[in-house]
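Dear colleague,

Please find the structure below, handed over for your study.

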Amino acid sequence: MYDQVTLGLNVDPYILSALKEDITSEDVSTNSVMPSPQAGEVDLICKQDGIICGLQVFERVFTLLDAKTEVEFFVKDGDPVKAGQLMAKVHGDIRVLLCGERTALNYLQRMSGIATYTREVASLLEGTGIKLLDTRKTTPNNRIFEKYSVRIGGGNNHRYNLSDGVLLKDNHIGAAGSVKKAIEMAKEYAPFVRKIEVEVETFEMVEEAVGAGADIIMLDNMSTELLKKCIDFIDKRAEIEISGNVTKENIARIKDMGVDYVSSGALTHSAPIMDISLKNLHAV
């Protein structure tokens, strides 16, 4: 995902926007104490256990400020890290290291937090054959980073955006008039290569979705008893996704239900950041 082409085309505009948010004209604090260029280095240190993610984004913050900045990594994305571990050294103009510090850490902490939380949830599904999916419940303008973090943590990406697949939710069904009508209209409009997924909340909606030939049926916010009834009725006539307030605390109830997917917005909207710092800045 993060080769140089992808960085330039997809990631750089977001990072530059974040830098502009943090530096509207100048870094007054840095310019006060460092009025001229000075080579230096600083340590990237993990302050809690977790899964590291976003290292190349971290690096890109500094190289966008100054292409001469160099980062010496001792870990790679997806590695488990421990509190106190030295993960990298950043070499460059001290003014650049100070100006880019917060933006670089914001990305790294957020991405590592998502990867860490996703790894925890994914581990609870090991051996079940169920794929853990994220959602579109992402921070505006950070989706590319957050969905990448889910993958690094061992999860899978659901559709990236509204152009990426057909998912008929409650309000689409309301607009069309019924589950059956919504599926019929989607089949007529969407390219034949697209699978059609429909979100349902009742057993009657499941019956309608199966009868209309939905490819994937999302069982949303159902009780355990209703889930079992719906899964038995579908009987492999469609792929099944379970969704609705799924977290690591309650995911165990679906492990043995024989479904294909479980999606969780919590992977991106509720993962805590991982505590990471830049320390020991000094001139060289």
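A search of the whole structure finds 12 salt bridges, a salt bridge being a side-chain nitrogen of Lys or Arg within 4 Å of a carboxyl oxygen of Asp or Glu. Please note that this is a predicted model, in which local features need pLDDT of at least 70 and side-chain atom pairs count only at pLDDT 80 or more, while totals for chains, interfaces and linings use all residues. Residues are numbered from 1 along each chain as its sequence is written, and side-chain values use heavy atoms, with hydrogens and water left out.

One of the salt bridges joins Glu 120 to Lys 248, with the closest N and O atoms 2.8 Å apart. Glu 120 lies in helix H4 (residues 94-123) and Lys 248 in the loop between S10 and strand S11 (261-263), so this pair ties together parts that are 128 residues apart in sequence. Helices (H or I, at least four residues) and strands (E, at least two) are DSSP runs, numbered from the N terminus.

A second salt bridge is formed by the side chains of Lys 147 and Asp 134 (2.7 Å, N to O). Lys 147 is buried at 1% relative accessibility, and Asp 134 is buried at 0%. Here buried means under 20% relative accessible area, exposed over 50%, and partly exposed in between (1.4 Å probe, protein chains only).

In helix H9 (residues 224-234), the buried residues are Leu 227, Cys 230, Ile 231 and Ile 234. Seen down the axis of H9, they fall within an arc of 100°, so they line one face of the helix; the arc is that of the directions from the helix axis to the C-beta atoms. Glu 225 and Asp 232 are exposed on the face turned away from this buried side.

The largest pocket is lined by 24 residues, and Thr 135, Lys 137, Lys 169, Ser 243 and Gly 265 lie nearest its centre. A pocket is an open set of points on a 1 Å grid over the protein atoms alone where a 1.4 Å probe fits, with protein on both sides within 12 Å along at least five of seven lines; lining residues have an atom within 4 Å of a point. The second largest pocket is lined by 16 residues, and Val 166, Leu 168, His 172, Ala 186 and Tyr 189 lie nearest its centre. H7 gives the most to that lining, with four residues.

Yours sincerely
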